[in-house]
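Hi,

Here is the structure for you to look over. My notes follow below it.

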2 protein chains.
Amino acid sequence: MHIERRDFLSTLSMAGAATLFSGNVLFGATRPKKDKLGIALVGLGYYSTDVLAPALQLTEKCQLVGIVTGTPAKAETWKAKYNIADKNIYNYKNFDQIANNPDIDIVYVVLPPSMHREFVVRAAKAGKHVFCEKPMAPSVADCLAMINACKSNNVKLAIGYRCQHDPNIQAYMKATKEGKFGKVKMVTSAAGYIDNRSNHWKQSKALGGGVMGDMGVYALQGARLATGEEPISVIAQASTTRPEIYKEVEETMMFMLDFPSGARAACQTSFGINMNYLQITYEKGWVRMEPQSGYKGNKGSMSDGSIIDFPLKNQQAKQMDEDCLAILNNTALIAPGEEGLRDIKVVEAIYKSVASGKNVKI
Amino acid sequence: MHIERRDFLSTLSMAGAATLFSGNVLFGATRPKKDKLGIALVGLGYYSTDVLAPALQLTEKCQLVGIVTGTPAKAETWKAKYNIADKNIYNYKNFDQIANNPDIDIVYVVLPPSMHREFVVRAAKAGKHVFCEKPMAPSVADCLAMINACKSNNVKLAIGYRCQHDPNIQAYMKATKEGKFGKVKMVTSAAGYIDNRSNHWKQSKALGGGVMGDMGVYALQGARLATGEEPISVIAQASTTRPEIYKEVEETMMFMLDFPSGARAACQTSFGINMNYLQITYEKGWVRMEPQSGYKGNKGSMSDGSIIDFPLKNQQAKQMDEDCLAILNNTALIAPGEEGLRDIKVVEAIYKSVASGKNVKI
């Protein structure tokens, strides 16, 4: 019987443990129990710098111990700011040596989407659990390769779907699941902001850009989480009002989804429009969220007068702590690789629909 | 010079007047000035019975003086209830004799849509001004024939677009027109209710049914009035969750519109879903209405904190009074036949898109 790392950590978290192997990393009696799992961030752009690193100062189950960056100057800044040991600083070339670093339990991939597959697979092969930012990858094939790499290396793969850890998002998911207002009939889901950059990966096709994978996934998740179903077909239209910036990828995407129950959704996403709301129409009531996918302050109301406005200290800290608990206790992740794949399946169908101008089965 | 009836009535409303002819109806010194224009309702279904007749008890510029019905029993009921003179009661066969009835200035066509063209044209030929319920007609060709008949008979044609007379709807139209929040970028517009009937014209293709012409026009108008523009293309999908009732026509229609400015709209309408809201996303703010097209209680809010909640005694009474004033003063109607035609042009394109599964230019 093969004992997975998560089984080990689960045991560890309950009591002491003997020497065990997990993947290709040695654990056990030779190493003291960790209070916090060690995380290395791969890619030190805005989201790592301004969101994840601060959140990691608030986490209880994990801590920032390593970084992986192609920019030496960034390494110096981070080293000083977060007291990161030299031996925990990697670049993209020597990254695979992370396999031999017991300080690092989790690799969090925060690179442009086109690089997710490579670094998730390399992290998995290094025996590290993986957190991967959204969109999971530019293609279903990439997602499957990432899921398989993590499975065959006995590591967990969590997608950075912070919203699914937010009690305000969970509130409407629960209303649907419990049939509080009967079946879902119609959903409107919008997510967009104004991105005026022209040289970011979000404007680059090669790097996995385009609004659909970025904000579009929030619009899509609004519909998927609202219905609790997977769409069976989609028709979509892409457009831009700023062709000088959005040369390679779409600025705006609108798409309509069919669900198996007969529920339907109209979704809108854009890099040129500030909008963020969700309206779920049920047989016997409604739920409305605005914003629906912010970092904080997601809130809403229901047709019975209920207010959705749960306190949330830090969304990303909660996400990482809950994902770490799933690793420690070997329980199901809230948003595993398979969840990321579900979205990318729809995203692929949306691009097919844009290309054909027709409805596409999923 | 041909003097139109509306010119005459305009004169009348300001002072006395000499003998004049308008269309084929004699007016003038032989007839005293009317305090209220006389209206005859054609078709005594729910909307005439429960909405328009009560509203006509509140109007200041017009009154219910005549009825046109194919059901003698209804004629008796209405005659008793509203004190209608025998000479002002017509059936569909002798309707054209209304030309000789000076009590009746306006014919309000409240029949199933497939009958609008015939009765609008007959009313125009009888020299009567015409109010016509929405949807204006099942086809653009019908609308054009109706507009031309009214023009050539020098009578006005108003579409029963009650919402355009509602100050709450006018409030967001004004915000757009004045550029209060910059240009419109995106609109979400939903209008639906649960219709469980199976034998109404709304479920009959031959009678001009289908949700698109009925509630769909409200969803469409939400987008048109919000942008202040006419759509240039549309992609649409029809569906039903109750094929046993919706055999001939669609229960639900979803459609996405492009506007010349680059603004876009996602619209939803259904006979199987209770929903009624409008969200307008501007460059620098938003307006949200819910409900957006009710008989009463339309209200909303704006991103600057403004509340849209104007008092409105009776929407249909205001509609009819304002349309009568346009007749009396020979001023522009708020919603003339041309406005009804604009919607039916889009409705035709929507059905073409459903048939082809593709985007259709308008």
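Start with α5(A) and α9(A): the two helices run roughly antiparallel to each other, because their angle is about 170°. Their axes lie 9 Å apart. Keep in mind throughout that this is a predicted model.

**α5 against α9**

Helix α9 of chain A spans residues 337–356. From α5(A), the contact uses Val140(A), Cys143(A), Leu144(A), Met146(A), Ile147(A) and Cys150(A). Facing them in α9(A) are Gly337(A), Glu338(A), Gly340(A), Leu341(A), Ile344(A), Lys345(A) and Glu348(A). By class, that contact has eight nonpolar, two polar and three charged residues.

**α5 against α4**

α5(A) also packs on α4(A), residues 116–125. Here the angle is about 10° and the axes are 8 Å apart. α4(A) and α5(A) are therefore roughly parallel to each other. On the α4(A) side the contact is made by His116(A), Arg117(A), Val120(A), Val121(A), Ala124(A) and Lys125(A). α5(A) answers with Asp142(A), Ala145(A), Met146(A), Ala149(A) and Cys150(A). The classes are seven nonpolar, one polar and three charged residues.

Look at Ala145(A), in helix α5 of chain A. Leaving aside neighbours within four places in sequence, Ala145(A) touches Arg117(A) and Val121(A). Val120(A) is 25 residues away in sequence, with 9.3 Å from C-alpha to C-alpha. Ala145(A) has 16 C-beta neighbours inside 10 Å, so it counts as partly exposed.

**How covered is α4?**

α4(A) is mostly covered, with seven of its 10 residues buried. These are His116(A), Arg117(A), Phe119(A), Val120(A), Arg122(A), Ala123(A) and Ala124(A). What do the buried residues of α4(A) pack against? The partners in chain A are β3 (37–42), β6 (106–109), β7 (129–132), α5 and β8 (157–159). Just after α4(A), Gly127(A) takes a positive phi of about 80°.

**The core**

The largest nonpolar core has 206 residues. Val109(A) and Val109(B) have the most contacts inside it. In soluble globular proteins, nonpolar side chains tend to be buried together.

Chain B can be laid on chain A with an RMSD of 0.0 Å. That takes a turn of 180° and a shift of 0.0 Å along the axis. The two copies are thus related as by a two-fold rotation axis. In chain B, the C-alpha nearest the axis belongs to Lys358(B), 2.8 Å from it.

The contact takes 26 residues from chain B and 26 residues from chain A. Which strands of chain B each supply at least two residues of the side that touches chain A? They are β9 (184–194), β10 (233–239), β11 (252–258), β12 (264–270) and β13 (272–282). β13(B) gives the most, with seven residues. By class, this side of chain B has nine nonpolar, 14 polar and three charged residues. The copies meet through the same surface, because 100% of the interface residues of chain B are also interface residues in chain A.

Best wishes

Terms used
Residues numbered from 1 in each chain as written. Chains lettered and ligands numbered in written order. Predicted model: local features only at pLDDT ≥ 70, side-chain atom pairs only at ≥ 80, totals over all residues. Contact = placed C-beta atoms within 7 Å. Helix = DSSP H or I, 4+ residues; strand = E, 2+ residues; numbered from the N terminus. Nonpolar A, V, L, I, M, F, W, Y, C, P; charged D, E, K, R; others polar. Least-squares fit on C-alpha atoms with pLDDT ≥ 70 in both. Core = buried A, V, L, I, M, F, W, Y, C linked by C-beta atoms within 7 Å. Buried ≥ 20, exposed ≤ 12 C-beta atoms within 10 Å, placed from the backbone. Axes fitted to C-alpha atoms, helices over the stretch in contact; angles between N-to-C directions. Parallel < 35°, antiparallel > 145°, perpendicular 65-115°, else oblique.
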